[in-house]
Amino acid sequence: MKRIINEVAVLGSGVMGSRIAAHFANIGCSVLLLDIVPRELSETEKQAGLTLDDKKVRNRIANDNLKNVLKQKPASLYKSSFSSRITIGNFDDDMEKLKSADWIIEAVVENLDIKKSVFDSVEQFRKTGSLVTTNTSGIPVSQMLNGRSEDFQKHFCGAHFFNPPRYLQLLELIPTEKTGKEVIDFLMHYGRLFLGKTTVLCKDTPAFIANRIGVFSMMAVFKLMEEYELSIKEVDVLTGPLTGKPKSATFRTCDVVGIDTLIKVANNIHADCPDDEARSLFAIPGYVKKLEENNWLGEKTGQGFYKKVKKEDGSKEILELDIDALEYKPSVKPKFASVGAAKAIDGLSERLKALHAAKDKAADFIKMLSFNIFQYASNRIPEIADEIYKIDDAMRGGFGWELGPFETWDVLGVEKSVKLMEEAELSPAQWVKDMLAAGNKSFYKTENGKKQYYDIASAGYKEIPGRGDFIILDNYRSNKPVWQNVGATLHDIGDGVLNLEFQTKMNSIGSEILEAVNKSIEIAEKDFVGLVIGNNGQNFSAGANLAMMLMLAVEQEFDEIDMAVRTFQNTTMHVRYSSVPVVVAPHNLTLGGGCELCLHADKVQASAETYIGLVEVGVGIIPAGGGTKEMTLRASDSFKKDMVEMPELQWRFMNIATAKVATSAYEAMDMNIFKEGRDGITINPNKVIYDAKRSVLALTENGYTKPLQREDIKVLGREALATLLLGAYSFRTANYISDHDRKIAEKLAFVMSGGDLTQGTLVSEQYLLDLEREAFLSLISERKTMERIQHILNTGKPLRN
């Protein structure tokens, strides 16, 4: 049966329901969001003379929750206008509308009786064959089948989204014995392709996969923290980005999620898993119970493991809880030799090896935590999953781990780790020992660019299913690269297409990256059909190498800076004017120079989660890798006969002058960083390079021809310059910007106006490139600019001076 999802109904508009509705709106679905009818009027409604029968009152709960979603940061919607795709209503008046829904998602409170009551109503109105899912995070899905029709049961399963649904990739699918195979196959595919999710097929066991392993990990942290006498701040340093976990680490995550929520899940596992060998670990520690008694539940109550306070001088300070005294105290920056050494190591794999080999208290804590997780994860097979990759996928997608338990185990060496685990009396499951005894030394291996996992049932390796349209560059490491230098690797990704992968810190762009881009284009022009520039790092590129620029500026090596800027400009122009198609595949942070590469591509195939902009003004300079030129060119292309041209230039000027960053690829379309009708957006981040490769092939098949350099760019001269300079003066007079900001704005205005020309004139790209380079050189020598660059290198935050 061909199934298409056009209309979605979400029943329950709370935190999860409203955010799930927003994500379906993100992908273009028409969404109906329903909730209960209020039982009494609010004070505002009373003052307005409304009654309980008024539609506005009856829809108030869904309406207020949707409004809250629109206010949230980070945003649940790719752009705010997508909210028009969501219609609100209530359970009493609007259930009849379910008859047109293709997928009905229940997201009411975690109470089985309430859920069953909702399903009673769903049965009355749903059309035959429509999908029905529950977003439960812990209630056995099979218990919801009682009293349901055969068609309902066939099309029903658990579909557990993680919060926030836009940003956390995991979607756990939990079928019952009555769920049709076609339904699960469809949802696995739809979740991956349309929702951009890591879809994981789970068994109907307590807490499913991610929460079972994730909460165990947190409980193990609680236990080991006391054993090693570590502070909350110290633990969060050890369980954060240092070891491949999110910035929120352990205790910040607890505060965000809610300590009461963690307690509830842990208690449920403790009660529902009597045969779990680690059951005692899920008993809530005394100091955590005390937090619950004090109503110190995290962000929702203003304090939990951390507490934000205002100091006498008005500044804010974050205090941490002393778990022994149950009092808050200022955090002290942890000092461990192992941590200091590890921070100097960029690659996670090498960093983990170094931490596990070190000999201080912090390293011992990390090692014992890993061994506990390895043991627990291996013992959960086949209870919660039959295949190891499902556990790894769940932890990466649901808890934001860079590596899952078995992937981490591979990095450290399975055989070596098992010996150490046994010495620590944390022996893994027998199947792990059997795997090693049979000569299989790792959980994963790669063949022909495809990742394979160790399959316990067959005692051999199988390709991970559902990844035919993923290109993961780690899977190409065993192949000899086409070319590489210290900062980049050029891979052959098949069908005559190359992929250039940046590998510098934050994928910043320095001389090694510029060399790689030029060399890759040359190689592609000679022996291949085209080039993708993309990577699987945390960010596409944070921009140019500011540290190198600062060093040259301090040493007054301005000829070197001039040469570096010329090289950057020549490189972006090489991307634009090559004889093979070049497609750039950005994701996450794509700032400054990274944005300029995108602006010059034949096509951009962006992850929906691309945060992109020309941010150079924030460090005291203007975009000089072709970014200012390109935005001036695009303004010129937008000029139409008999129109006022100035606004088209002005809003692009403001985007650069305010260092505006798009918070999604859709916003980047609106900002004209990406081009409607030319550039593409991919929802699943693992599919971006694959789609970029397809774009290269499509451009080639359509007869790609090297474009001609532009000499027809209309600049407005003094007309634009006067307007833009007046704007900079007004902003300074109103104290919105500093004197240095004004100087930067004036330089930018000069470039985007085409200089001090008496009238509108047609100029070339090179003319504008020369202007932007001259402006850059004049600004980089300023003391204020050097201070800004130094500040952002030290703190990661912009400085206004």
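**Salt bridges, cavities and one surface patch**

Hi everyone, let's start with charges: this structure holds 62 salt bridges, counting a side-chain nitrogen of Lys or Arg within 4 Å of a carboxyl oxygen of Asp or Glu. Before going on, please keep in mind that this is a predicted model, where local features need pLDDT of at least 70 and side-chain atom pairs count only at pLDDT 80 or more, while totals for chains, interfaces and linings use all residues. Residues are numbered from 1 along each chain as its sequence is written, and side-chain values use heavy atoms, with hydrogens and water left out.

Here is a pair to look up on your screens. Glutamate 501 forms a salt bridge with arginine 477, and their closest N and O atoms are 2.7 Å apart. Glutamate 501 sits in strand β17 (residues 497-502) and arginine 477 in the loop between β14 (460-463) and β15 (483-484), so the pair ties together parts 24 residues apart in sequence. For these elements, helices (H or I, at least four residues) and strands (E, at least two) are DSSP runs, numbered from the N terminus. Are the two partners buried or exposed? Glutamate 501 counts as buried, at 6% relative accessibility, whereas arginine 477 is partly exposed at 39%. The cut-offs are under 20% relative accessible area for buried, over 50% for exposed, and partly exposed in between, with a 1.4 Å probe and protein chains only.

Arginine 652 and glutamate 648 both lie in α25, four residues apart, about one turn of the helix. Their salt bridge has its closest N and O atoms 3.1 Å apart. Arginine 652 is buried, with a relative accessible area of 5%, and glutamate 648 is partly exposed at 23%. There is also a network: salt bridges that share partners join Lys55, Arg58, Asp92, Asp93, Asp94 and Lys97. Elsewhere, aspartate 691 and lysine 687 meet in a salt bridge (2.9 Å, N to O), and both residues are buried.

A cavity here is a set of points on a 1 Å grid over the protein atoms alone, where a 1.4 Å probe fits but cannot get out; lining residues have an atom within 4 Å of a point. Grid points are joined across faces, edges and corners, and a volume is the space filled by probe spheres set on the points.

The largest cavity has a volume of about 190 Å³. Its lining has 18 residues, with Thr243, Lys245, Ser370, Ile373 and Thr408 nearest its centre. Helices α14 (348-357), α15 (361-379) and α17 (405-412) each give two or more residues to that lining, and α15 has the largest share, five.

Let's finish on the surface. Met654, Phe731 and Tyr736 form a nonpolar patch there, with about 310 Å² of accessible area together. Tyrosine 736 lies in the loop between α28 (718-733) and α29 (739-752), and is exposed at 58% relative accessible area. Patch residues have over 30% relative accessible area and no salt bridge, with like charges joined within 9 Å and nonpolar side chains (Val, Leu, Ile, Met, Phe, Trp, Tyr) within 5 Å. Areas come from the Shrake-Rupley method with a 1.4 Å probe, and for residues only the protein chains shown count as cover.

How values were computed: 1 Å grid on protein atoms, 1.4 Å probe; cavity = no way out; pocket = protein on both sides within 12 Å on 5 of 7 lines; lining within 4 Å.
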